[in-house]
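Visitor: I'd like to go through this model with you. Can we start with the sheet and then move to the helices?
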Amino acid sequence: MKNLQVGDLVLECGRPKIAVPLTGKTHEEILRQCGTLLEMPCDILEWRVDYFLENMENIDEKLASDEAQIAIIRILDDIDYVTKGMPVIFTVRNKSQGGRSTLSKEQVYDLNSLAAQSQLVKFVDVELLDDNNKLVRDVLVGHIDDIHSFGCRVIMSYHDFKAMPQMEEIFNLVDVMRNFGADISKVAAFAHNKKDAVNMIKCANVLTQGDKDPVILIGMGKNGLITRIIGGQYGSVITFASLEETTANGQMDVKTVKRLLDEYYVNQ
C-alpha cells in the first residue's frame, strides 16, 4: 500500500490513526469539545458539520446570504487555533447517509469547496452516491477536481446501514472510488456476524496489496468491532472513536479504542 502523508501525519499499514468526531451543535460546544480532545488520544478530528447545521433556523436563507458559510469558516479557524493545527476531516452527512442535515447536494458541495479553499482542513468527506442512491459521475468528478485544486484530500464514502456487501461488491466499490480520484476510499457496512467482519478485513488486505491507495473499511454494529481495531494491520488506516456522542453503530469511545489498540499493537 502507498503511504499517504498529510503534513506530519502518515497514514500507513499498521496501527490505525484515531479520528474523533466533533458533534457540538453550537460554536461554543464545538470549541469545548476541541479543548477536551487535547487531553485525549486523538490523531485526527472529524468535524461533523451536519450536527451544527441541524438546528440552524432558516438554513437555506443563511446559505444563500453567506451567513452560514461565514460561521463555518469562523469555527474552522477556531478549531485550528484551539487544537494547534490538528488535521481535520470536514464532513456534511445528510440523513439519507446516516447524518443530520437535509441540504441539497449542491449546498453540500458548496460547503465542501469552501472548506477546501479555506486551507483549514486536510480532508473532505464526499459521498459516492447521492440522496437517491444514484451515481452522478460528471458532477462527482468535477467536485473532486475542485477539492483537489485547493490541495485538499478526498475521503470518498459509501455506507450500508443494513447489510454487508459481498466481497466482490466491496472490491468494485473501492475500484470505482479510486477511479474517481479518491485519496482514501471508505466503506462502512453493517456486520451481521463475525464472518461479515472477517470478510471486511480480508477485503482491506486484498485492496491494499501493491502500490494502492489506502482504504477505511469498517464493520458497523457489535459484530464489526474487530474491524475497528485490527483492520489497520491489513490497510484500514483510520478508525473512528467517539468523544461524547457516537456517530455510527458500534463506535467505541476514544479511551477504549486507545486501550484496545495498545493491547493489539503492543510493539508499535
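Guide: What follows covers the sheet first and then the helices, all from a predicted model.

Visitor: What is the strand order in the sheet?
Guide: The order is β9-β8-β7-β6-β5-β4-β3-β10, an open sheet of eight strands with parallel pairing.

Visitor: And which are the edge strands?
Guide: Those are β9, residues 215–220, and β10, residues 238–240; each pairs on one side only.

Visitor: How many degrees of twist from one strand to the next?
Guide: The twist averages 25°.

Visitor: How many bridges join β5 to β6?
Guide: Two bridges join β5 (residues 88–91) and β6 (residues 123–127), and the strands run parallel. Within β6, V124 is the residue opposite F90.

Visitor: Helices now. Where does α1 pack?
Guide: Helix α1, residues 27–37, packs on the sheet and touches β3 (17–22) and β4 (44–48). Its direction makes about 155° with that of β3.

Visitor: Which strands does α8 touch?
Guide: Helix α8, residues 194–207, touches β8 (184–190) and β9 as it packs on the sheet. The direction of α8 makes about 175° with that of β9.

Visitor: How far does α8 reach?
Guide: With 14 residues, α8 reaches 20 Å from its first C-alpha to its last, close to the 20 Å expected at 1.5 Å a residue.

Visitor: Which residues of α8 are buried?
Guide: D196, A197, N199, M200, I201, C203, A204 and L207 are buried. The buried residues pack against α7 (167–179), β8, β9 and α9 (225–230).

Visitor: What caps the N-terminal end of α8?
Guide: N193 does, with a side-chain oxygen 3.2 Å from the backbone nitrogen of K195.

Conventions
Residues numbered from 1 in each chain as written. Predicted model: local features only at pLDDT ≥ 70, side-chain atom pairs only at ≥ 80, totals over all residues. Heavy atoms only, no water. Pairing = 2+ DSSP bridges. Helix = DSSP H or I, 4+ residues; strand = E, 2+ residues; numbered from the N terminus. Axes fitted to C-alpha atoms, helices over the stretch in contact; angles between N-to-C directions. Contact = heavy atoms within 4.5 Å. Expected span 1.5 Å × (residues − 1). Buried < 20%, exposed > 50% of the residue type's maximum accessible area, 1.4 Å probe, protein only. Polar contact = N/O pair within 3.5 Å; in protein donor to acceptor, adjacent residues only side chain to side chain.
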